[in-house]
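Biologist: I have this model open and I'm new to it. Could you walk me through it while I look?

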Amino acid sequence: MPSTDTTLHALTTELDQAAPDQPLIFATDDGDIGPGYHVTELKHLAVHSIDCGGRRSSWDEAQLQLLDGRNGTHMSVGKFVTIARRSMAAVDGLGDVPLSVEYAPQNQGLHRYHIGTAIAGSDGLRLSLVPDAALCKPASKWGLGQPFQAKNKAGQKARPASDCCAPR
């Protein structure tokens, strides 16, 4: 499932293929979100922004916020799907826009993730969370690399911020 295109509706559709009583384990590069985690909220956001070059844009997105657990058991797939479906029924458009996940290890220092792959294991269904990164949209759009990086992905020196931040 592509991480940046995943919607809550697509996620619940994928989770419907799993056994509803198996544990749903959210996993980051730093480890699993603790058993007993809590879905604190699901949000549908209308974003209106201006970038470093003065260009305005608007989009909608959804966010799932998880509170780290310290004891108990992982939420079942069925319980998570029920929460998600009730939320989508209550909040217009929640399931139809790109979904990100907010989570803070030990509930300190909130991070943003995208949904990665789901892999069934002996301990439950493991859903990977892929870290989000800061992005200069104009630099990305025009293939300039990210400003303030020593080198871009091709190993070439990145252009200065002034190359992407000027209005076009």
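Biologist: Which residue in β6 stands opposite Val101?

Modeller: In this predicted model, Val101 stands opposite Tyr113 in β6. Another pair of this kind is Ser100, which stands opposite His114 in β6. Strand β5 covers residues 99–103 and strand β6 covers residues 111–121, and they pair in the antiparallel sense over four bridges.

Biologist: What order do the strands take in the sheet?

Modeller: The sheet is open, has seven strands and mixed pairing, and runs in the order β2-β1-β7-β6-β5-β4-β3. Its edge strands are β2, at residues 31–32, and β3, since each of them pairs on one side only. Helix α2 packs on the sheet, where it touches β1, β3, β4 and β7, and its direction makes about 45° with that of β3.

Biologist: What about β6 and β7, how many residues lie between them?

Modeller: There are two residues between β6 and β7, which form a hairpin. Strand β7 covers residues 124–131, and its pairing with β6 is antiparallel over seven bridges. Ala120 stands opposite Leu125 in β7.

Biologist: Changing topic: which residues of α1 are buried?

Modeller: Helix α1 spans residues 8–15, and its buried residues are Leu8, Leu11, Thr12 and Leu15. They cover an arc of only 95° around the axis, so they lie on the same side of α1.

Biologist: What do those buried residues pack against?

Modeller: The buried residues of α1 pack against β1 (24–28), β3 (38–50), α2 (77–90), β5, β6 and β7.

Biologist: Which residues touch the most other members of the largest nonpolar core?

Modeller: That core has 29 residues, and Leu24, Phe26, Leu64, Leu66 and Phe80 are the ones that touch the most other members. At least two residues each come from α1, β1, β3, β4 (56–67), α2, β5, β6 and β7, and the largest share, five residues, comes from α2. As background, nonpolar side chains in soluble globular proteins tend to be buried together.

Biologist: You listed Leu66. What does Leu66 touch?

Modeller: Leaving out residues up to four places away in sequence, Leu66 touches Phe26, Ile33, Tyr37, His38, Val39, Thr40, Val101, Glu102, Tyr103 and Ala104.

Biologist: Now the loops. Where are Gln106 and Asn107?

Modeller: Gln106 is in the loop between β5 and β6, and Asn107 is also found in the loop between β5 and β6. Although Gln106 is not a glycine, its phi is positive at about 55°, and Asn107, not a glycine either, has a positive phi of about 60°. For context, most residues other than glycine have a negative phi.

Biologist: Is Gln106 buried or exposed?

Modeller: Gln106 is exposed, because its relative accessible area is 54% and the exposed class begins over 50%. Asn107 counts as partly exposed, with 27% relative accessibility.

Biologist: One more loop: where does Pro98 sit?

Modeller: Pro98 belongs to the loop between α2 and β5, and Pro98 is partly exposed, with a relative accessible area of 39%. Along the chain Pro98 and Glu61 are 37 residues apart, while their C-alpha atoms are separated by 5.1 Å.

Biologist: Last one, to step back: how many helices and strands does the chain have?

Modeller: The secondary structure comes to four helices and seven strands, following the pattern α-β-β-β-β-α-β-β-β-α-α along the sequence. Of the 168 residues in the chain, 39% are buried. Among contacts between residues at least 6 apart in sequence, 64% join residues at least 24 apart.

Key: Residues numbered from 1 in each chain as written. Predicted model: local features only at pLDDT ≥ 70, side-chain atom pairs only at ≥ 80, totals over all residues. Heavy atoms only, no water. Pairing = 2+ DSSP bridges. Buried < 20%, exposed > 50% of the residue type's maximum accessible area, 1.4 Å probe, protein only. Arc of directions from axis to C-beta. Contact = heavy atoms within 4.5 Å. Core = buried A, V, L, I, M, F, W, Y, C linked by side-chain atoms within 4.5 Å. Axes fitted to C-alpha atoms, helices over the stretch in contact; angles between N-to-C directions.
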